[in-house]
Amino acid sequence: MKQTRGILDSISTSIVALDANLRVVALNAAGQTLLQTSEARCIGQHAGTLVLHCAEWLESLTHALVNSAPHASRGVSLVLVSGQEVQVDIIITPVLDGEGPFQLVVELAVVDRLLKINRDETAQHAQETSRAIIRGLAHEIKNPLGGVRGAAQLLAKELPDAELAEYTDVIIREADRLRDLVDRLLGPNRQLDPQPLNIHEIMEHVRNLITAESGNQVTIKRDYDPSLPEFACDRAQLIQAVLNIMRNALQAAAPHPDQCEIMLRSRSQRQFTVGAKLHRLVCRIDIIDNGPGIPAELLPAVFAPMVTGRADGTGLGLSIAQSIICLHGGALECDSRPGETRFTFYLPMDTRDA
Ligand SMILES: Nc1ncnc2c1ncn2[C@@H]1O[C@H](COP(=O)(O)OP(=O)(O)OP(=O)(O)O)[C@@H](O)[C@H]1O
Ligand SMILES: [Mg+2]
C-alpha cells in the first residue's frame, strides 16, 4: 500500500479518487499542488468543494459514474478555490470491480496556458480586424467633416439674418460632436511615449479622479505590492486605460455609487506568457468591483469596439483600454459574475522585453 502511494505521489498528473457519493478518497501529491489543498483537508469532502463554479466538473463526474463509462474532456477551465483559473484535460475512469471505496479515478493534466494563449490570440486578432475596419471608416468620416464644419462657419459669416445663425450653430456643434466620436473611434495614439514610472502613481491618480467623479461616495481599497519596480510605460495612455475600466465599475453601480466598492491590487509575476511571448517578470494589476457584473450576453465580446450595455455608451472604453495595454506588450482579461467583476492586466516589466 505504501509502495502504491509512493508511485501515486511520483506521478506528475493529478489523480483524485472518488467514492460512489463523489467524496474524495485519495488525492496524490500533484493533485494537492494543482488544487491547492492537502489530502487531509479534502478526504471525505464532496468533489464539488474542490473547485469553484463546479457545474461542468460535477456533470462530467456524474456522467461517468452513472453510465459506468470513461469520460474525457479537453481544455476544461477550472476555477480553483483561490480564484485562479487553470486549463486541464480531464480523464475520468470508473473502477469497474466496485469492491473498494474507489468508484472513480480522475486524472487532471494541466494544459498550461497554451490553450488560453491561443484563445487570447484568436480573440485579439478578431478585434484587431474590427478595429482596423472602424479606424478606416472613422478616417473617411473625419475628412469631409472638416469641410462641412468650415463651410458652415463661412456661411454663418455671410448670413443676412443673425437669427439664421441658429442653424449653422447646430451644424457646427453636431460636427464637433461627431469629430469627438470619430477621434475616440480612431483609438489611442499608436505611438507610445514610454518613461520609467511607478505603476502605483498611475493607479493613485485614477483613484483620485474616480473618487472625485463619484462625489466622494465610492469606496476604493488598495492592496499594492510596494516592491514593484519602476518600468517603462506611457503615463497618459495607461491612465486612460485604467480610467476606462474604473469608470465602467462606477457606472455599473449607478444609481448607488455609495455601495460601489473597487479593489485595486498589484502583484509581480515571474515567467509569464503574454500573447506568444514568455516574460521574465510582469506586473499584474487587478481591478475588482462588487457591482452587478457584465451582462452574460456581452461578456464574450466585451472588448470588441461598439459593444455596450448602456443606453448612452459608445462601447469604446474597453476596446481602447485593451489597445493601450496591447501597445505596451501586455494583455487585458476579464472575468465577471454578479457581485464580482475583475479586470486583470499584465504589463511586462523586463525592459529588455519591452
Ligand atoms: N465593471 C463593470 N460592471 C458591469 N458591467 C460592465 C463593467 N465594465 C463594463 N461593463 C459592460 O460592458 C460594456 C462595455 O464597456 P465599454 O467601456 O467598452 O463601453 P461603454 O462603457 O458602454 O461606453 P464608453 O466607455 O465608450 O463610454 C458596458 O456598457 C457595460 O455594459
Ligand atoms: Mg466604458
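Two strands are taken to pair if DSSP finds at least two bridges between them. In the predicted model described here, β5 and strand β6, the latter formed by residues 104–110, meet this criterion with seven bridges and run in the antiparallel sense. Within this pairing, I91 lies opposite E107 of β6.

The same strand β5, residues 85–94, is also joined to β4, residues 71–80, by seven bridges, again in an antiparallel arrangement. Two of the facing positions can be named: S77 is placed across from Q87 in β5, and S73 is placed across from I90 in β5. The hairpin of β4 and β5 has four residues between its strands, and G83 in this hairpin adopts a positive phi near 95 degrees.

These pairings belong to an open sheet of six strands, ordered β2-β1-β6-β5-β4-β3 and paired in the antiparallel sense. In general, the strands of a sheet pair through backbone hydrogen bonds, in either a parallel or an antiparallel manner.

The domain assignment divides the protein into domain 1 (2–111), domain 2 (116–186) and domain 3 (195–348). A distance of 27 Å separates the C-alpha centres of domain 2 and domain 3. Helix α6, residues 165–186, contains L178. This residue, L178, has 15 C-beta neighbours inside 10 Å and therefore counts as partly exposed. L178 and Q153 are 25 residues apart along the chain, and their C-alpha atoms are separated by 16 Å.

Further antiparallel pairing involves β10, β11 and β13. Twelve bridges connect β10 with β11 in the antiparallel sense, and T273 has L278 in β11 as its bridge partner. Strand β11 is also paired with β13, in the antiparallel sense and over eight bridges. In this second pairing, I288 faces R342 of β13.

Residues of α8 that are buried include Q237, L238, A241, V242 and I245. The buried set of this helix also includes M246, N248, A249, L250 and A253. The cover over the buried residues of α8 includes the helices α7 (199–213) and α9, together with the strands β9 (231–233), β10 (261–274), β11 (277–289) and β13 (340–348).

The largest share, four residues, is supplied by α8. Of the 23 residues around ligand 1, those that come nearest are N248, T308, G309, G313 and G317. One of these, N248, is also among the buried residues of α8. By residue class, the shell around ligand 1 comprises nine nonpolar, twelve polar and two charged residues.

Several backbone features were found in loops. Most residues other than glycine have a negative phi, and most peptide bonds are trans. Against this background, A254 and P255 are joined by a cis peptide bond with an omega of about 5 degrees. The loop that holds P255 lies between α8 and β10.

For M306 the positive phi is about 70 degrees, and M306 is located in the loop between β11 and α9. With 13 other C-beta atoms within 10 Å, M306 is partly exposed.

How values were computed:
Residues numbered from 1 in each chain as written. Chains lettered and ligands numbered in written order. Predicted model: local features only at pLDDT ≥ 70, side-chain atom pairs only at ≥ 80, totals over all residues. Near = placed C-beta within 6 Å. Nonpolar A, V, L, I, M, F, W, Y, C, P; charged D, E, K, R; others polar. Domains from an automatic or database assignment. Buried ≥ 20, exposed ≤ 12 C-beta atoms within 10 Å, placed from the backbone. Contact = placed C-beta atoms within 7 Å.
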